[in-house]
Amino acid sequence: MLFTPHQFGRLSLANRVVMAPMTRSRADQPGDVPNELMATYYAQRAGAGLIVSEGTPISEVGRGYSLTPGIYSPAQVAGWKKVTDAVHRNGGRIFVQLWHVGRRSHASISGHTPVSASAVKHPDKVYGPLPEGGFGMIETGTPRAMTLADIEDTIGDFVTAARNAIAAGFDGVELHAAHGYLIDQFMRLHSNQRSDAYGGSPEKRVRLLQEVTQAVADAVGGDRVGIRVSPFVTEGYADEDPEIPAVTLKAMQALAPMDLAYVHFSENISRYTAMPEAYRQEARALYRNPIMVAGKYTRDSAQEILDKGLADLVAFGQPFITNPDFVTRIARGHALTPVNYDAHATFYGGGGEGYTDYPAFAEAA
């Protein structure tokens with residue numbers, strides 16, 4: 001089943017293997033513009049049924065990592081068009097991951113004071129400019145609580161970014177509502193201390209997620225929209241939130257009528273607890289449209305969750321870095337090039353080394 005086609009709305013995939021979104025910092029300066037090197041990288045991996053791009057800021061204030069490619073300027077849209085054209089020429093499909101980091105930023109990166117659900121800072125570091133020059137990990141700034149006007153503007157920024165994505169040739173968009181970024185900050189108790197319509201009860205804490213998703217679905221079509229959540233991952237927070245699994249199920253109830261391309265569960269990274277089987281079953285009972293999972297899956301565990309009917313698509317991350325022909329390799333039983341953690345720095349920035357220079361199986365042989 002892993003290698004069978006998948007069809008939902010306008011989304012037609014050759015197989016159910018997805019290349020998961022992975023943060024990158026290789027955009028051209030000035031302007032954080034996607035480039036030909038990125039087009040080569042994604043085209044090499046077009047054997048995936050679907051590629052989900054690196055996190056892509058929807059606005060300047062949404063930025064949290066230097067050198068990441070945005071999708072809010074005409075130059076960025078033109079740069080992404082090179083990427084989507086290259087992927088489509090190789091027979092692939094690609095969504096862009098739309099990203100607003102919220103409080104996980106610093107004014108030196110975005111040019112703006114970070115914003116969040118509430119003015120609550122968590123000790124955290126992101127990739128930004130160093131005082132002595134160059135780039136490295138820097139402490140995030142203290143955020144300010146978003147006003148209702150800020151929220152309205154942010155929803156508009158997501159919609160504009162989604163329309164830009166379609167203009168750039170993407171097959172759809174994935175909304176990043178996981179891993180301690182803005183939408184996730186509204187969903188969790190520690191970061192959301194609001195007493196208005198966007199804070200307090202679970203229904204109010206999922207309101208931003210619901211309004212962003214509905215607005216984007218209205219703009220580009222629900223079958224062109226996915227959303228990523230991480231109810232069992234604690235990233236960007238001091239403590240686990242005991243309510244977030246149930247809050248995420250509330251969100252899925254709200255999302256179900258929108259007929260989205262998929263809901264994407266990110267698992268088994270950072271600080272996490274394993275997702276219980278009973279939770280997967282409850283999620284499936286609530287949400288009958290496509291579900292994607294990601295997080296250290298293997299061919300066998302991916303096939304197992306598909307066979308159980310608890311997911312429809314399985315995303316793989318780092319194996320796609322070192323194996324551009326990952327789908328062919330696992331389909332034919334070829335050996336995988338292992339992930340070399342000594343070369344970890346090359347995953348995130350630099351030139352072609354550790355990015356576009358990993359060979360396909362036949363070349364490696």
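About 40 Å³ of space lies in the second largest cavity of this predicted model. A cavity is a set of points on a 1 Å grid over the protein atoms alone where a 1.4 Å probe fits but cannot get out, and lining residues have an atom within 4 Å of a point. The volume is the space filled by probe spheres set on the points, which are joined across faces, edges and corners. The lining of this second largest cavity consists of Phe265, Met275, Arg280, Ala283, Ile291, Val293, Ile305 and Leu310. Two or more of these residues come from each of α9 (277–286) and β15 (291–294); helices (H or I, at least four residues) and strands (E, at least two) are DSSP runs, numbered from the N terminus. Residues are numbered from 1 along each chain as its sequence is written. In this predicted model, local features need pLDDT of at least 70, side-chain atom pairs count only at pLDDT 80 or more, and totals for chains, interfaces and linings use all residues, while side-chain values use heavy atoms, without hydrogens and water.

Three cavities of 30 Å³ or more were found in the whole structure. The largest cavity also holds about 40 Å³ of space, and its lining includes Arg103, Lys121, His122 and Asp124.

Helix α7 covers residues 207–220. Its buried residues (under 20% relative accessible area, 1.4 Å probe, protein chains only) are Leu208, Leu209, Val212, Thr213, Ala215, Val216, Ala217 and Val220. Among the elements that cover them are α4 (148–167), β10 (172–176) and α8 (244–255), where contact means heavy atoms within 4.5 Å. Gly221, with a positive phi near 100°, follows α7.

Conventions:
On a 1 Å grid over the protein atoms alone, a cavity is a set of points where a 1.4 Å probe fits but cannot get out, and a pocket is an open set with protein on both sides within 12 Å along at least five of seven lines; lining residues have an atom within 4 Å of a point. The expected span of a helix is 1.5 Å times one less than its number of residues. Buried means under 20% relative accessible area, exposed over 50%, partly exposed in between (1.4 Å probe, protein chains only).
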